[in-house]
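Please look at the model below with its side chains displayed.

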Amino acid sequence: MTDLRPALNDVLTGLSALPITHQPYDLTRINAFLQDAYNLHARIADLTRTLRQIRPSYLSTAAPARRRMAGSNHDRSQPLTNQERENFDAESKALLRQLNAAIAKIRQAEDARRKTVDVVALSKRATGGLGALGRWAAGGAVTAKSLEEELEEAREKSVAGFREGVILFLQERLRDAGGL
């Protein structure tokens with residue numbers, strides 16, 4: 001991707017504005033949801049990389065080498081023995097289950113956060129102003145939302161939509177990794 005910062009800085013300097021500087025993304029400054037999502041994505045990427053690296057050896061129909069040094073790392077160019085395939089399958093399946101459970105945990109936490117936000121918003125609305133008396137005075141109908149309530153609701157919908165997209169992205173990446 002082309003770095004447009006120098007051109008943008010030239011324009012900003014011409015407008016007597018401060019140039020922008022490159023600051024690396026700091027995972028410690030983002031919220032817990034995104035930290036968990038980034039960590040899960042990194043683990044899924046590692047699994048995908050490993051699966052792609054071992055695929056030729058795993059699928060090879062050539063006879064495996066008869067002698068191997070005990071405890072040595074497997075040469076990826078040599079076919080796997082049946083025992084090595086079984087061990088690799090078991091480890092991969094366990095890791096896929098762990099990652100799937102971690103994604104489900106993030107989804108549950110997000111669902112709980114949404115429910116909490118909804119309850120808090122309803123309680124604020126019910127206790128704000130005159131509450132039930134105000135609604136009764138307005139003819140029993142639900143009163144219109146204030147601008148602040150509208151903005152907060154829109155913000156919450158944006159956050160919820162973004163997080164749902166992140167969860168779907170992680171599930172799709174895990175599904176792709178499982179299909180290798």
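**An aromatic pair and a polar contact**

Y58 is partly exposed, with a relative accessible area of 24%, whereas F88 is buried, at 14%; here buried stands for under 20% relative accessible area, exposed for over 50% and partly exposed for values in between, with a 1.4 Å probe and protein chains only. The model is predicted, so that local features need pLDDT of at least 70 and side-chain atom pairs count only at pLDDT 80 or more, while totals for chains, interfaces and linings use all residues. Residues are numbered from 1 along each chain as its sequence is written, and side-chain values use heavy atoms, with hydrogens and water left out.

Rings of Phe, Tyr and Trp (its six-membered ring) are paired if their centres lie within 6.5 Å, and planes under 30 degrees apart are called stacked, over 60 edge-to-face and the rest tilted. By this rule there is 1 aromatic pair. Y58 and F88 form this pair, which is tilted, with 6.2 Å from centre to centre and 55 degrees between the planes. The pair links distant parts of the chain, 30 residues apart, since Y58 belongs to helix 2 (residues 32–59) and F88 to helix 3 (residues 82–127); helices are DSSP runs of H or I with at least four residues, numbered from the N terminus.

Elsewhere, E156 lies in helix 5 (residues 147–178) and, at 12% relative accessibility, counts as buried. Its side chain makes a polar contact with the side chain of R113 at 3.0 Å, a polar contact being a pair of N or O atoms within 3.5 Å, of which, within protein, one must be able to donate a hydrogen and the other to accept it, and residues adjacent in sequence count only if both atoms are side-chain atoms.

Terms used. Helices (H or I, at least four residues) and strands (E, at least two) are DSSP runs, numbered from the N terminus.
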